[in-house]
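Open the model in your viewer and keep the sequence panel beside it. The stops below say what to select and what is there.

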Amino acid sequence: MSLGRETTPTPDTVDAATVAELERALEETTDPAPPPLPPISRVAGLGSAVYWTAWQDLERWLAAFVRFHTEDLQGLRAAMKELAERRPPPYDKREWQYPAHWVEALADVIATPGPHPGGRLPDLSRVSAPHWLLLRRLAELHAAVRDGTPPPYLLATPTTGTGGLAPAALVARIEGYERAGVEALPADLQQALLRLPHRTPSEVAARASRLTGAAGVTLAGWLARRPLPRTRIGWRHGSGRYLDDREPAATDDPSLVPGIRAEPTGLELVDHLLSDPRPSRWQADGDDPGGWVAMMPHDREAMAAHLLPHLLCREHGSHLELAHVQTLTATDGQPGEAIALLVAYFLLNRKWNRASSGVSLLLDLAARGDLPAAEVGRQLALLLRRTWLKPVSLRESMELAADRGGHHLWQVMTGLLPVYLPGPGERAHAAHTQALALAARIADRTGARGALPCVAEIAGRTGDSGLIREARRLHASLT
């Protein structure tokens, strides 16, 4: 279906029915996520409002800018003159890579009426899909303001502090568009769809099905046939790919090759975001992973896959911060390999983080019933086998988690041991013996029962090495 935007007159005011419906929709929202930042209520404050620090700041600035363009254009012009005096437009830049570039260009369009240069998007090949979605939203709004045809309000403005959008609120917004004869901005609509939860109350879906405009038809189709993304993670080394979990480690540093699969929707930006991320481990032009989570707050596993190419960098450290992953794990959606790998990495990484930081990630997910414990263990084993991360960090993190009551730790160990322990013909190291001793302590604490084949195999070997003794002790405890 087409989502092309026609040039239509923008109403001078938002009709009272739309305002009332939006307020009712938000009152009925039962999303347990924290509320968003309060909107900017005074146009005079928009010129000095922060818009570059975090995604919440940018979203509230954009929402206020569009709203005041309809409600108080003269006041908006005065505020944008104030901003333009402090932050001149980016017309000397070859590409507008950062959101601030677009905000400052928007300010100039309002502050100084007359012809203005068009937007300057960077090349798609150098931009991660989440950042590209943000830039496209900014570019289309800039073009609409230059043409004098911005909408009276945005569709994608979140209704929760994690970036989520209440389905009833989006239906009400599109109903208001239809009454006013306003066409949706394509990127704004697609971002709005990605912010919706996977479950919609039946009465809200019924209202959506009665919408007749292009945006309404798209929304109804999305609610009826929303794709569920699936992720997978590949590992690459200098001469090829790892094909088996127990494959001996290559001598060069690995890189991650995450993949995302979903049924195509025909929506350009949605399909781009629900497909394989760029494989580069370097920051793409203007990327800020801190704001990505809010783009798909109900599909955290898919967003985790977009973060993974930035994770492993031995020389400079990860381009991801612990705060990015903490924000991600607080959102919604079934966790899988990608979430597990991020948790495992921060359990082992000590360059900038304390042991307690990674443990908090693990325990927070476990407390919500969202911890893929065995998969975290598997990812721990892969990181220990294939990267520079050290087993001593594993012991520190697991013991600290156990002290804090981590009852899921035995499940973590059942995922770790089959991949990490040396098989027949593999050379054993002291770290393997220490891993078995750690597993035995965790099994005793949690009352674990049930033999593990990888432990039983080592326990059944002839000899009396430390590895075999620890395997026998653990095997006896389990059986």
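Contact here means heavy atoms within 4.5 Å. This is a predicted model, in which local features need pLDDT of at least 70 and side-chain atom pairs count only at pLDDT 80 or more, while totals for chains, interfaces and linings use all residues. Residues are numbered from 1 along each chain as its sequence is written, and side-chain values use heavy atoms, with hydrogens and water left out.

**Whole chain**

Of the 479 residues, 56% count as buried, where buried is under 20% relative accessible area, exposed is over 50% and partly exposed lies in between, using a 1.4 Å probe and protein chains only. Among contacts with a separation of 6 or more, 75% are between residues 24 or more positions apart.

**Asp188**

Select Asp188, which sits in helix H7. Asp188 has a relative accessible area of 1%, so it is classed as buried. Leaving aside neighbours within four places in sequence, Asp188 is in contact with Arg137, Glu140, Leu154, Leu155, Ala156 and Tyr177. A polar atom of its side chain lies 2.7 Å from the backbone nitrogen of Leu155.

**The largest cavity**

Which residues line the largest cavity? Select Leu62, Arg137, Leu138, Glu140, Leu141, Leu154, Leu185 and Asp188. A cavity is a set of points, on a 1 Å grid over the protein atoms alone, where a 1.4 Å probe fits but cannot get out; lining residues have an atom within 4 Å of a point. The largest cavity holds about 50 Å³ of space, and the count comes to three cavities of 30 Å³ or more. A volume is the space filled by probe spheres set on the points, which are joined across faces, edges and corners. Helix H5 (residues 129–147) gives the largest share of this lining, four residues.

**Thr200**

Move to Thr200, in the loop between helix H7 (186–194) and helix H8 (202–209). Is Thr200 buried or partly exposed? Thr200 is partly exposed, with a relative accessible area of 23%. Not counting residues up to four places away in sequence, Thr200 touches Pro167, Ala205 and Leu223.

**Helix H11 and Arg300**

Next select residues 300–307, helix H11. Eight of its eight residues are buried, so H11 is largely enclosed by the rest of the structure. Zoom in on Arg300, which counts as buried at 1% relative accessibility. Its side chain reaches the backbone oxygen of Thr329 at 2.8 Å. A polar contact (N or O atoms within 3.5 Å; within protein, one able to donate a hydrogen and the other to accept it, with residues adjacent in sequence counting only if both atoms are side-chain atoms) of 2.7 Å joins the side chains of Arg300 and Asp370. Beyond four places in sequence, the residues that Arg300 touches include Leu328, Pro335, Ile339 and Arg368.

**Helix H13**

Finish with residues 337–348, helix H13. Eleven of its twelve residues are buried, including Ile339, Tyr345 and Phe346.

Terms used
Helix = DSSP H or I, 4+ residues; strand = E, 2+ residues; numbered from the N terminus. Expected span 1.5 Å × (residues − 1). 1 Å grid on protein atoms, 1.4 Å probe; cavity = no way out; pocket = protein on both sides within 12 Å on 5 of 7 lines; lining within 4 Å.
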